[in-house]
Amino acid sequence: MSDKYVSFAQLAASEMHGRDYQIVVNDRSNRVSIIAPHGGYVEPGTSQVAESIAGKDFSLYCFEGLVRDRPHSDLHITSSNFDEPRCLDLLNRSDIVVAVHGRVNEDDDDQCVWFGGRDLQLKEAIAGSLIETGFEAQHSGHAFPATSPLNICNRGKRSMGVQLELPRALRDRLTRDEGLRASFGSAVREGIEWTLKQLAQREER
């Protein structure tokens, strides 16, 4: 089913902020932004995972559906069309962007994180850290490469970022188990922090 809205302006003209959706922005003036553009009940669990990754120092953005059991397409703006102004403003000041999304379970794959985005170094760093922590990660051969420059994960200052697609079963586990969610968030942060160090070293040369 196609999305009901193709832009945030269209959505905002028909839906009510505070009743149908809300926007969470914690701008911590950091080089890193963690976003969940389909949070709340749109892709359940993605907001919680994004919050865990962001911690208390990375900037956080969540667009959240507030009504349980609404069709996914009602408040889902596809990533290449997602243009909510507060999100774009935050990303315009971010060197590293990680977007957390949800996908459906596959018959033989309900635990693996699918990686997309244009920041290859960051993808490798985060995936390696997740695998070392006991999670599953796949770089290619899936339906969400997220390589378009218009994809919201690639709209930061460096025009590249990372998209994490988490299957519903994994999101449910992470939502229920606070310790597991913290381990996931810490693993992603480890990959981000390693990449930040690489960027800093390049900038010093």
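Reader: In this predicted model, how do the residues lining the second largest pocket divide by class?

Author: The lining of the second largest pocket is made up of four nonpolar, six polar and six charged residues. Rolling a probe the size of a water molecule over the atoms shows where empty space is left. In this case, the second largest pocket holds about 320 Å³ of space, and of the 16 residues that line it, Gly40, Tyr41, Pro44, Arg68 and Arg168 are the closest to its centre.

Reader: Which elements give two or more residues to the lining of the second largest pocket?

Author: Those elements are α2 and α6, and α6 gives the most to this lining, with three residues.

Reader: What is the volume of the largest pocket, and which residues are the closest to its centre?

Author: The volume of the largest pocket is about 440 Å³, and 24 residues line it, with Glu43, His76, Gly102, Phe144 and Glu165 the closest to its centre. Two or more residues of the lining come from each of β4 (96-103), β7 (162-167) and α6 (168-176), while the largest share, three residues, belongs to β4. By class, the lining of the largest pocket has seven nonpolar, twelve polar and five charged residues.

Reader: How many cavities of 30 Å³ or more does a search of the whole structure find, and which residues line the largest cavity?

Author: The search finds one cavity of 30 Å³ or more, and the volume of the largest cavity is about 50 Å³. Its lining consists of Tyr41, Val42, Gly65, Val67, Arg70, Pro71, His72, Asp74 and Leu75, to which helix α3 (residues 72-75) gives the most, with three residues. By class, these lining residues are five nonpolar, two polar and two charged.

Reader: Turning to the helices, at what angle do α2 and α7 pack, and how far apart are their axes?

Author: Two packed helices are described by the angle between their axes and the distance between the axes. Here helix α2 (residues 46-54) packs with helix α7 (residues 178-204) at an angle of about 55 degrees, and their axes are 8 Å apart. The two helices are therefore oblique to each other, and α2 passes α7 in a right-handed crossing.

Reader: Which residues of α2 meet which residues of α7?

Author: On the α2 side the residues are Gln48, Val49, Ser52, Ile53 and Ala54, and on the α7 side they are Arg181, Ala182, Phe184, Gly185, Val188, Arg189 and Ile192. By class, this contact of α2 with α7 has seven nonpolar, three polar and two charged residues.

Note on methods
Residues numbered from 1 in each chain as written. Predicted model: local features only at pLDDT ≥ 70, side-chain atom pairs only at ≥ 80, totals over all residues. Heavy atoms only, no water. Axes fitted to C-alpha atoms, helices over the stretch in contact; angles between N-to-C directions. Helix = DSSP H or I, 4+ residues; strand = E, 2+ residues; numbered from the N terminus. Parallel < 35°, antiparallel > 145°, perpendicular 65-115°, else oblique. Left-handed = near helix turned anticlockwise from the far one by under 90°. Contact = heavy atoms within 4.5 Å. Nonpolar A, V, L, I, M, F, W, Y, C, P; charged D, E, K, R; others polar. 1 Å grid on protein atoms, 1.4 Å probe; cavity = no way out; pocket = protein on both sides within 12 Å on 5 of 7 lines; lining within 4 Å. Points joined across faces, edges and corners; volume = space filled by probe spheres on them.
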